[in-house]
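Have the structure open and follow along.

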Amino acid sequence: MQDLLLIPFDQYWWAYIGFIVGLMVILAFDLGVFSRRGEVPTLRAASVRSALFILLALAFNYGLYQFLLHELPTRPDLVGLDHAALARDTSLEFLAGYVVEYALAIDNVFVFVAVFSYFAVPPQHQQKVLFYGILGAILFRALFISIGSILMQYGWIVAIFGIFLILTGLKILFLPEKPIDPSSNPIILGVKKIFPVTPAFHGDKFWVEIDGKTWVTPLFVALAFIEFSDIIFAIDSVPAIFALTNEPFIVFTSNIFAIVGLRSLFFVLQSMVKAFLFLKYGLGVILVFVGLKMVWLNDAAGGKFPISWSLGIIGTILAVSILVSIAWNRSRPAGDSST
């Protein structure tokens with residue numbers, strides 16, 4: 001891991017603030033303009049919104065590249081370095097991080113579908129759960145990234161995270177997937193111990209007052225499970241991006257851009273979950289690859305494995321897993337739902 005930071009927080013704190021303000025505007029616009037209370041988005045509307053979020057991330061990446069092209073030559077600590085190459089590699093790091101996070105976000109959709117099915121969440125209330133779930137995910141990711149930026153300065157911590165990612169990837173590849181069981185989740189059990197849970201939904205309310213006592217609804221329990229699942233996903237995804245870049249700003253922004261588009265992505269993919277049968281194996285290979293970068297490949301490449309190679313490898317793995325999934329589904333007899 002290289003020690004030089006191109007976007008250190010103490011010098012570019014205003015960039016973080018500006019990004020967070022812009023994020024709040026995007027979320028407010030998405031909630032107030034694109035989303036109507038109690039409305040289930042059509043596949044076309046959700047697809048358009050997903051495409052807009054992707055274009056927004058790409059536009060941000062281009063803006064970041066242009067900013068670095070003009071900013072880096074003014075930095076006294078970067079005299080003598082190839083500023084154009086640094087700007088290019090940093091923008092590729094953002095793109096690679098965004099692609100990895102977006103792919104892992106698709107894996108989140110599988111969990112959301114299972115959770116909504118288990119709790120029988122009405123379709124018209126799913127948007128609200130996802131919106132607050134995303135807000136919680138942003139806060140958790142910001143916390144995890146802050147901690148990670150400190151821990152990743154120590155080589156032995158990097159090695160531990162790398163080994164963890166490799167083991168996680170191997171688990172996905174070779175161990176059978178256990179079905180999701182929210183009934184045994186410690187967070188769900190904890191919520192039920194603290195609050196009484198109403199047997200039925202009360203519109204889109206998370207809690208209600210009954211006879212002077214606060215009851216939480218199944219909608220709140222579903223939200224609690226989603227927040228818990230995102231913490232688990234963050235344990236994989238945050239170290240995975242730190243394997244691609246040592247810039248906390250890149251880790252934060254690529255993470256958040258993938259997360260904010262997750263709500264629209266859910267409504268695009270919820271009916272196509274089984275169509276991506278081999279995607280999880282692709283994600284497993286990617287986690288093994290980024291883990292190897294942390295424990296071996298970066299050192300073997302003289303300090304940092306080329307980001308252009310990383311992006312190409314990750315893109316190829318995702319493309320192959322998606323194409324194999326499509327080919328597999330086309331080869332199966334109509335009506336065959338076996339996996």
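Let's start with Asn255, which sits in helix H8, running over residues 248-260. Keep in mind that this is a predicted model. Is Asn255 buried or exposed? Its relative accessible area comes out at 0%, so Asn255 counts as buried. Setting aside residues up to four places away in sequence, Asn255 touches Glu101, Arg141, Ile145, Ser237, Val238 and Ile241.

## The nonpolar core

The largest nonpolar core has 92 residues. Which of its members touch the most others? They are Ile7, Ile138, Ile256, Leu265 and Val290. Helix H3, residues 83-118, puts in the largest share of this core, with 16 residues.

Take Ile256 as an example from that group. With residues up to four places away in sequence left out, Ile256 is in touch with Phe19, Leu23, Ile138 and Arg141. Ile138 is another of the core members with the most contacts to other members, and Arg141 also turns up on the contact list of Asn255.

## A helix that is tucked away

Going along H9, the buried residues are Leu262, Arg263, Ser264, Leu265, Phe266, Phe267, Val268 and Leu269. You've met Leu265 already, among the core residues that touch the most other members.

## H10 against H11

Next, look at helix H10 (residues 279-300) and helix H11 (residues 307-331): their axes come within 8 Å and cross at roughly 165°.

On the H10 side, the contact uses Leu279, Gly282, Leu283, Val285, Ile286, Phe289 and Lys293. Facing them from H11 are Ser310, Ile313, Ile314, Ile317, Leu318, Ser321, Ile322 and Ser325. Sorted by class, the residues of this contact come to 10 nonpolar, 4 polar and 1 charged.

## H10 against H3

H10 also meets H3. The axes of H3 and H10 come within 10 Å, crossing at roughly 135°, and the two helices are therefore oblique to each other. This time the crossing is left-handed.

Val100, Ala103, Leu104, Ile106, Asp107 and Phe110 of H3 make the contact with Leu279, Leu283 and Ile286 of H10. By class, that gives 8 nonpolar, no polar and 1 charged residues. Leu279, Leu283 and Ile286 are also listed in the contact of H10 with H11.

Asp230 belongs to helix H7, residues 218-242. Why does Asp230 count as buried? Its relative accessible area is 6%, and the cut-off for buried is under 20%. Leaving out residues up to four places away in sequence, Asp230 touches Asn108, Ala137, Phe140 and Arg141. Arg141 is also one of the residues that Ile256 touches. Asp230 and Ala105 are 125 residues apart along the chain, yet 9.6 Å separates their C-alpha atoms.

Last stop is His125, in helix H4 (residues 123-151). With a relative accessibility of 12%, His125 is buried too. Apart from neighbours within four places in sequence, His125 makes contact with Gly203, Asp204 and Leu219.

Technical notes. Residues are numbered from 1 along each chain as its sequence is written. This is a predicted model: local features need pLDDT of at least 70, side-chain atom pairs count only at pLDDT 80 or more; totals for chains, interfaces and linings use all residues. Side-chain values use heavy atoms; hydrogens and water are left out. A nonpolar core is a set of buried Ala, Val, Leu, Ile, Met, Phe, Trp, Tyr and Cys residues joined through side-chain atoms within 4.5 Å. Buried means under 20% relative accessible area, exposed over 50%, partly exposed in between (1.4 Å probe, protein chains only). Helices (H or I, at least four residues) and strands (E, at least two) are DSSP runs, numbered from the N terminus. Contact means heavy atoms within 4.5 Å. Axes are lines fitted to C-alpha atoms, for helices over the stretch in contact, and angles run from 0 to 180 degrees between N-to-C directions. Ala, Val, Leu, Ile, Met, Phe, Trp, Tyr, Cys and Pro count as nonpolar, Asp, Glu, Lys and Arg as charged, and the others, Gly among them, as polar. Angles under 35 degrees count as roughly parallel, over 145 as roughly antiparallel, 65 to 115 as roughly perpendicular and the rest as oblique. A crossing is left-handed if the near helix is turned anticlockwise from the far one by less than a right angle, and right-handed if clockwise.
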